[in-house]
Amino acid sequence: MPAASPAYADPSLPPVRTDWTRDEIAALIALPFPELLFRAQSVHRARFDPTQVQISTLLSIKTGGCPEDCAYCPQSAMHEDGGVKASRLMAVEAVLKEARAARDAGAARFCMGAAWRSPKDHDLETVCAMVEGVKALGLESCVTLGMLDARQAQRLRDAGLDYYNHNLDTSPEHYGNIITTRTYQDRLDTLSHVRDAGINVCCGGIVGMGEDEGDRAGLIASLASLPKHPESVPINLLVRVAGTPLAEAEAVDPIDFVRIIAAARIAMPASRVRLAAGRENMTDEAQTLCFLAGANSIFYGEKLLTTPNPEASRDARLLARLGMHTSLVQA
């Protein structure tokens, strides 16, 4: 179980709610900015060291050729102008070489992503070997492989998988504008299979896909009203990739993005809130505000699947300037 889990049972802390409504989250997001950050920082400090950031590394183990039509994703086979060529699943030893490098660079968790609608059984066995190898290196393991059934989730659990990532992406109301090849309920079903198998859940969404303020509140409300909050909540800022339907999406105001981070922290107080994709285009000041709003996890490394990420040296310099340190404990 994640280190944050005892906070659920700590009688000295307010109970963790799983009944948040869209209107309640919208009211949080609309608070005066100083008040919102004060509340978020207060919640954060009650359960976490505010100077500590958990580090994860993400590797694409099978890139491109995905049959889904996610409007943001250059790995979709339907977005041929996205510039991503399909590749085969990586060999186990090649993945473990990357995992060793990530561990030596300070990562606590190694995440592996494959561009599938759902994994085939023979590919799942290869991924399970990767999970076992990553665990043997002393790292937490996380994979994102698309939709899972109950049997597949249990097989991953038997291999020792710590986390499964499967994002809701956006609000239920906006979802059909972004993806048509699988439903919101499909995503919820996969999350249920993962949770029932005893695997920790990593689940978040993307900001900047043409959604309105109500949709942003709807995303956070959907996450915060799951039967149990995700242990990790990645909040992504859309990376606009040429050749995808969202290449010309309107940029998100940095202050508006920080508001979403703060709302996630308040509504899901015991979860790790991860500042995920999109950091490459954020200023140091914007990232600092995200940390103040309760983000306490980042992806480390030059690439997130197929999109750029800040250089590790830039992250190290920023954390040093802020007097913050990385966490190698379980997240």
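I began at the end of helix α11, where Gly294, which follows just after the helix in this predicted model, takes a positive phi of about 115°.

Going back into the helix itself, I noted that α11 covers residues 284–292, and I looked up which of its residues are buried: Asp284, Ala286, Gln287, Thr288, Cys290 and Phe291. I kept in mind that an α-helix has 3.6 residues a turn, so residues three or four places apart point the same way.

Next I turned to the annotated site. The UniProt record, an unreviewed entry, lists Cys111, Cys142, Cys202 and Arg274 under "binding site".

Cys111 sits in strand β2, which runs over residues 109–114, and with a relative accessible area of 3% I recorded Cys111 as buried, because the cut-off for that is under 20%. Setting aside residues up to four places away in sequence, I found Cys111 touching Ser56, Thr57, Leu58, Leu59, Cys142 and Phe299.

Cys142 lies in strand β3, residues 140–144, and Cys142 also counts as buried, at 2% relative accessibility. Which residues does Cys142 contact, leaving aside its neighbours within four places in sequence? I listed Arg109, Phe110, Cys111 and Met112, together with Leu161, Tyr163, Tyr164 and Asn165.

Terms used:
Residues numbered from 1 in each chain as written. Predicted model: local features only at pLDDT ≥ 70, side-chain atom pairs only at ≥ 80, totals over all residues. Heavy atoms only, no water. UniProt positions renumbered as here; feature names shortened; annotations may be inferred. Helix = DSSP H or I, 4+ residues; strand = E, 2+ residues; numbered from the N terminus. Buried < 20%, exposed > 50% of the residue type's maximum accessible area, 1.4 Å probe, protein only. Contact = heavy atoms within 4.5 Å.
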